[in-house]
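Subject: Structure handover

Hello,

Here is the structure for your files.

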Amino acid sequence: MRRTMLAAALTAALSTTLLATAPLAWAASDTAPATKETAKDKAPNAGDLLFEQPQMKNTAPGSTLTYDYLRRSGIVKGPYGPPLNDEIKLMVEPGKSAESRDIRVQMFSGGYRVPAGPFIDMAGNPVLSLFLENHLKGLAGLLEANPRYIKNAIRKGLREKATVTPVQIDFKGRKVEAWRVEMKPFEGDALTERMRGFDTTTYTFVVASEVPGEIVSLEARTLKPDGGELLEERLDYAQKDS
């Protein structure tokens with residue numbers, strides 16, 4: 001009974017209010033200092049790359065960014081339920097400056113719809129924080145854990161454990177330069193025994209300045225020791241003209 005009440009409290013704490021203010025909650029000021037312009041041969045700071053760049057500046061007002069969302073879990077009769085394939089859409093309008101945008105959000109559809117936004121005069125892409133908040137809500141409920149503890153571990157992971165690697169991606173029939181951020185924030189955690197295997201969770205983010213909104217893909221993936229899958233949750237930019 002006590003565990004059930006705790007899980008309910010966690011769900012309430014991670015309500016739509018957090019989704020409405022998510023970009024501020026994950027700002028790089030909580031992870032690492034912003035860096036100066038990065039030389040081509042030097043990897044940027046992960047927190048700066050993900051949270052401190054004007055990612056929306058290359059997105060035309062009046063356009064819609066669409067992201068394909070997938071969540072599936074190998075936990076039998078687990079809280080995640082059957083696989084979920086859906087979309088997150090960002091409807092983009094002019095902001096107050098050349099780099100900022102006003103953004104309306106359609107986060108999932110039908111019975112899975114989650115109220116989120118709108119975001120006014122945003123320079124960064126809120127889809128990253130929306131993804132992380134939604135992921136955090138599910139993981140905290142599953143582990144009956146303090147969501148702040150998990151969030152702080154991810155922030156610390158960005159600061160201390162992330163690797164940033166230059167890669168190339170396919171974008172509209174050509175190769176473009178991108179950055180891949182990867183980390184395992186819970187590896188070696190003091191509460192590993194309470195994480196039910198989720199201490200191995202790997203987070204992978206890919207961003208490219210030539211892609212509208214710059215976010216290419218986001219993934220949180222947890223494997224069992226035998227190679228089976230506890231959780232795969234990912235978001236991919238859908239290369240649609242809109």
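Rings of Phe, Tyr and Trp (its six-membered ring) count as paired if their centres lie within 6.5 Å; planes under 30 degrees apart are stacked, over 60 edge-to-face, and the rest tilted. Tyr67, Phe171 and Tyr237 make up one aromatic cluster.

The model is predicted: local features need pLDDT of at least 70, side-chain atom pairs count only at pLDDT 80 or more, and totals for chains, interfaces and linings use all residues. Numbering starts from 1 along each chain as its sequence is written, and side-chain values use heavy atoms, with hydrogens and water left out.

There are four aromatic pairs in the structure. One of them joins Tyr69 and Phe108, with ring centres 4.7 Å apart and planes at 50°, so this pair is tilted. Tyr69 is in strand β1 (residues 64-72) and Phe108 in the loop between β3 (101-107) and β4 (119-122), so the pair ties together parts 39 residues apart in sequence. Helices (H or I, at least four residues) and strands (E, at least two) are DSSP runs, numbered from the N terminus.

Phe171 and Tyr237 form another tilted pair, 6.5 Å centre to centre with 45° between the planes. Phe171 belongs to strand β5 (residues 163-171) and Tyr237 to strand β9 (residues 229-237), so parts 66 residues apart in sequence are tied together. Phe171 is buried at 5% relative accessibility, as is Tyr237 at 12%.

In helix α4 (residues 127-143), 14 of the 17 residues are buried, so the helix is largely enclosed by the rest of the structure.

Regards

Technical notes
Buried < 20%, exposed > 50% of the residue type's maximum accessible area, 1.4 Å probe, protein only.
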